[in-house]
Amino acid sequence: MQTTLHLERRIEIGGMPLHEARAQWAQWRARYGFKLDVAPLLPEPASNLKLALSQVPTYGLTLSAANNAGPNVCVWSTEACRRACIMTSSWRGKDGRVILSRAAKTTFLVECPEAFLTLLNDELKKRVRKHGNVRARLNVGSDIRWEFVAPWLFDIGGIAYYDYTKAPLLEHRSPGSNYRLV
């Protein structure tokens, strides 16, 4: 079986300055052949055809699905769903730069979680300041238990979170009032 990313500890932020997290992300991206700059973890909604249809600005975090970038970030995936996964079967899922970008984000989360979450926290707050109310889907191609890993994210006002999950009922996920799981 593949290595599975089941983040088993809460990740807090606060000790890392934003400029340091940005510098780490820029360096990390450069390892993957991208320019030495800070690309957003949450691209504009227009970059995702489905999210762009929403009346409310909807931002999605797209990591590598299943085990396409090292650890498996879809911990409840099956062999059948990995074969049929739209994250790898769609035209974007076959684009080399898109695959690399997702891999960079996924491995950055795994290797530098405090920096990753410092950036994610900052980006979410900026989106709320810009639009007032937004929606966020943190698991576009993954199935991470964000309510466990970073429950403080859900304290950011003005965001309605939603995700799809394959978690079994026995997993007893309790995401909270502003995080809907389907």
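Biologist: How many bridges join β2 to β3, and do they run parallel or antiparallel?

Modeller: Three bridges join them, and the two strands run parallel. Strands pair if DSSP finds at least two bridges between them; strands (E, at least two residues) and helices (H or I, at least four) are DSSP runs numbered from the N terminus. Before we go on, this is a predicted model: local features need pLDDT of at least 70, side-chain atom pairs count only at pLDDT 80 or more, and totals for chains, interfaces and linings use all residues. Residues are numbered from 1 along each chain as its sequence is written, and side-chain values use heavy atoms, with hydrogens and water left out.

Biologist: Fine. Which residue stands opposite A160 in β3?

Modeller: That's R135.

Biologist: And what does β1 do with β2?

Modeller: β1 (residues 58-60) pairs with β2 (residues 134-137) in the parallel sense, over three bridges. In β2, A136 is the bridge partner of Y59.

Biologist: Switching to rings. How many aromatic pairs does a search of the whole structure find?

Modeller: Seven. Rings of Phe, Tyr and Trp (its six-membered ring) pair if their centres lie within 6.5 Å; planes under 30 degrees apart count as stacked, over 60 as edge-to-face and the rest as tilted. One of the pairs is W25 with F108, which is tilted, at 4.9 Å centre to centre and 40° between the planes.

Biologist: Where do W25 and F108 sit in the chain?

Modeller: W25 is in helix α1 (residues 18-31) and F108 in helix α4 (residues 96-111), 83 residues apart, so the pair links distant parts of the chain.

Biologist: Are W25 and F108 buried or exposed?

Modeller: Both are buried, meaning under 20% relative accessible area, with exposed over 50% and partly exposed in between (1.4 Å probe, protein chains only).

Biologist: Which residues do ring pairs link into a cluster?

Modeller: W25, W28, F108 and F116.

Biologist: Last topic, helix packing. At what angle do α1 and α5 pack?

Modeller: About 110°, with the axes of α1 and α5 (residues 113-131) 9 Å apart. Axes are lines fitted to C-alpha atoms, for helices over the stretch in contact, and angles run from 0 to 180 degrees between N-to-C directions. That makes α1 roughly perpendicular to α5; 65 to 115 degrees counts as roughly perpendicular, under 35 as roughly parallel, over 145 as roughly antiparallel and the rest as oblique.
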